[in-house]
Amino acid sequence: MSAVLRARREDTLRRGITATVLCLIATVSLLVPYAAAGPRPSTGDASWLTEEEMSVLSTINYDRVWDELEYLSGLGEKVAGSPEERAAQEYIKAKLDTMGMDLVTWETFPTKTWVHYGTSVTITSPTTEPVLATTYGDSHSIWGMDSGIPYSWGNADDGKTLIGPVVDAGKGTDAEFDALGDLEGIIALVERDDDLQGWPNVPLEEADAHGAAAVVFYGYYGSYPLADGIKQDVVGGSIPAISISINSADRIKELLADDVVELTIAGRADLIDAGSAESVNVAAYLVGSKYPTEYVVFSAHIDTWWAGTSDDNSGIACVLEYARVFSEARESGLYTNERTLVFCSLGAEEYGGPDDSWYNWLIGSYEWVKANRDKVDRTVVDLNLDMCSIKKTYGRYWVEQSPDMNTFVKTAIDDLGLTGAVTYYNPQYSWVDAWSFHAKGGASAVNVFWVGNQDELYHTQLDNMDLASMEPLKIVMDMYTLLGLRADGALVLPFDMMHMVDYAAGYLSSDSTVAAKDCAYFAAASAALEELREQVATANAYAAELKEAFAMAESDSERAAIEAEALALNEVLYKARKTVNIWTMGEGGTMGSWDVFPREHQHSHDIGAINAALSALNRGRVANALTALETVYSMEWGRVCSPEAYNTIMSWMWNDVMYWGGEWDQQQAYVNVQWIYLGLGDGTLSIMDAKAALKEIKSTQLVPWLQEDLMTLEWAWMDAAGLLEAAIP
């Protein structure tokens with residue numbers, strides 16, 4: 001312990017503070033109140049904001065954010081790698097160039113893209129009615145070019161138009177398609193239900209396996225009040241994938257109840273591979289006065305489906321206002337940033353990954369993290385914005401974040417008087433660019449805003465100014481401005497790895513209960529995590545002492561000495577956090593990265609499912625075994641597939657090139673138990689053979705994978721613990 005801290009502690013003891021209070025001080029979070037001591041109010045109180053914070057917050061111009069949002073929305077769809085996306089980035093760069101930034105960068109990277117020339121769907125029998133429609137992104141339309149090779153699915157107009165009867169294929173399961181019989185030349189109407197199918201690729205491949213000419217999708221999942229919404233997503237696949245609204249689908253089904261219905265579909269889509277297109281990231285820098293190689297990042301993505309008012313023009317509009325607020329505050333002398341502030345407009349969030357990888361989103365943020373690893377290694381926090389202007393119809397606003405940000409964010413929510421209106425959850429999921437900073441870069445990350453009615457709106461043509469609201473924009477402008485100020489000025493880095501330890505411990509405990517009998521490495525991993533817990537607690541106590549001593553310091557020299565100690569601690573915290581965040585996180589779940597969790601979880605989970613199936617088979621209970629096998633991660637959707645469709649989808653998911661996996665090996669591998677499931681179900685596989693196959697899968701795949709996972713976690717957690725232990729005086 002330093003002489004300064006030792007003197008401060010002795011002075012505290014002389015003033016009669018009890019050992020119990022000292023213990024509380026030692027275990028407090030890395031973040032302390034920003035004003036006088038006292039209970040934190042449940043609603044906002046200006047006394048909990050510093051004068052500087054209130055001054056900077058007062059310069060936010062919400063009307064400017066709204067005007068920017070209107071302008072960006074008016075630019076229309078901006079697909080990754082398209083001329084429209086590039087033109088929008090040129091606009092963003094020009095705006096940032098006028099703001100007195102120290103540096104504005106323009107970084108290009110390869111991406112896939114597509115060009116839609118318009119899709120039309122018309123009911124041509126028994127009536128004539130137009131149907132508003134689009135081709136799903138990265139999907140074939142009726143004709144076009146795919147990586148320079150012509151394709152055509154039409155049967156009229158030289159292959160440019162498809163005319164055929166439509167059948168209601170329900171949710172597009174193997175059984176539903178089987179019941180329809182021969183589908184050659186038939187257009188399948190499929191209700192999209194991601195809870196069942198995982199993603200539209202599954203019923204699309206099923207339709208192809210059954211000979212259908214095209215699929216017309218409608219819906220999404222769950223309740224869907226905005227029945228006129230036409231969903232747009234990256235789907236891909238072998239045959240044309242068209243998207244229409246629920247209301248249009250209901251009209252087709254109404255006609256089908258009485259007669260044969262014929263559709264005429266026309267449309268061209270050209271699919272352009274990554275070697276022929278590029279996207280761009282724009283970043284502006286306000287260099288820090290004291291710690292120029294430490295960073296606070298504000299980020300959002302410029303590419304959109306449709307107009308994309310909320311997703312994500314709203315985020316870009318906010319980033320531009322943050323840039324203006326902080327640059328003008330610095331220029332006027334109102335505020336001086338100690339760390340470097342970075343304002344990022346990222347490309348290719350929605351789409352753009354390589355053909356041979358299932359993972360094809362978050363491309364721009366991934367590329368930015370890869371190109372700026374030195375910056376991400378020393379990023380205090382990435383404050384990412386995605387969908388922050390949706391008019392909320394019920395519930396609260398939600399913040400999604402890496403666990404190490406929990407205390408930091410909660411304090412800001414409380415201090416702004418947003419308690420009850422805004423809350424947070426963990427972990428940081430792989431659906432937004434913050435994931436690249438957190439899991440791929442090892443930094444801390446926060447993402448706003450998600451509301452209960454977002455799913456029915458985003459990625460549809462209804463995501464426009466009509467359904468935008470000023471309320472969330474005001475909240476996020478205030479909250480991220482405050483978080484940015486506090487992250488910039490923090491003496492000790494404001495993340496708390498104890499929350500990450502607790503997050504990992506919860507999974508490790510439950511996974512150990514499920515799979516410990518099959519793998520003896522849980523004990524070592526658990527011991528390493530407890531060692532990390534102890535060292536994080538010690539580091540947190542040391543950080544609290546530093547902050548207390550700094551607040552009580554009476555001279556510049558005393559403060560400088562404490563700052564030097566804090567700087568040394570911060571250097572270690574950056575390194576330890578990177579190790580913990582990157583190596584703890586795994587990706588997988590229902591489909592490659594629909595879920596994120598500690599890296600041992602997927603294999604522990606699947607071992608548990610197979611053990612349950614084996615137990616049932618030992619008792620001759622085939623039905624119970626089938627139910628257990630349906631919970632294997634690849635079977636949550638695989639149970640509704642034919643082997644042909646299942647194997648096609650699995651071949652994509654097994655390939656972890658570039659984004660899923662790579663140097664951090666975060667993509668969790670999948671096992672194929674579908675053939676066992678189907679064989680048991682139809683009686684072509686005996687109980688004895690099924691048991692032997694399941695035991696082999698467990699012993700040759702899942703258990704070795706789990707062992708490797710746990711050994712990796714043990715190493716990472718011990719490494720981080722060692723870094724922290726060596727750093728504490």
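Visitor: Helix 13 lies across which strands, and at what angle does it run to strand 17?
Guide: Helices (H or I, at least four residues) and strands (E, at least two) are DSSP runs, numbered from the N terminus. Helix 13, residues 406-415, lies across strand 16, strand 17 and strand 18 (445-450). Between N-to-C directions of axes fitted to C-alpha atoms, on a scale from 0 to 180 degrees, its angle to strand 17 is about 175°.

Visitor: What angle does helix 15 make with strand 18?
Guide: Helix 15 (residues 470-489) packs on the sheet and touches strands 13 (291-301), 14 (339-346), 15 (379-385), 16, 17 and 18. Its direction and that of strand 18 make about 170°.

Visitor: Which strands are the edges of the open sheet?
Guide: The sheet has eight strands in the order 1-12-14-13-15-18-16-17, with mixed pairing; two strands pair if DSSP finds at least two bridges between them. The strands that pair on one side only are strand 1 (103-110) and strand 17 (422-425).

Visitor: Which residue of strand 17 is the bridge partner of Tyr397?
Guide: Strand 16 covers residues 397-401 and pairs with strand 17 in the parallel sense over four bridges. The partner of Tyr397 in strand 17 is Val422.

Visitor: Is Glu558 buried or exposed?
Guide: Residues are numbered from 1 along each chain as its sequence is written, and side-chain values use heavy atoms, with hydrogens and water left out. Glu558 sits in helix 18 (residues 556-584), and a polar atom of its side chain lies 3.2 Å from the backbone nitrogen of Glu554. Because its relative accessibility is 17%, and the limits are under 20% for buried, over 50% for exposed and partly exposed in between (1.4 Å probe, protein chains only), Glu558 counts as buried.

Visitor: What is the radius of gyration of the protein?
Guide: The protein has 24 helices and 20 strands. For its 729 residues the globule rule gives 27 Å, being 2.2 Å times the number of residues to the power 0.38. The protein comes close to that, so it is as compact as a globular protein of that length, with a radius of gyration (over C-alpha atoms) of 28 Å.

Visitor: Over which residues is the pLDDT below 50?
Guide: The protein averages a pLDDT of 90, and 92% of the residues score at least 70. Where pLDDT is low, the predicted coordinates should not be read in detail. The stretch with pLDDT below 50 is residues 1-46.

How values were computed
Predicted model: local features only at pLDDT ≥ 70, side-chain atom pairs only at ≥ 80, totals over all residues. pLDDT = per-residue confidence, 0-100. Contact = heavy atoms within 4.5 Å. Polar contact = N/O pair within 3.5 Å; in protein donor to acceptor, adjacent residues only side chain to side chain.
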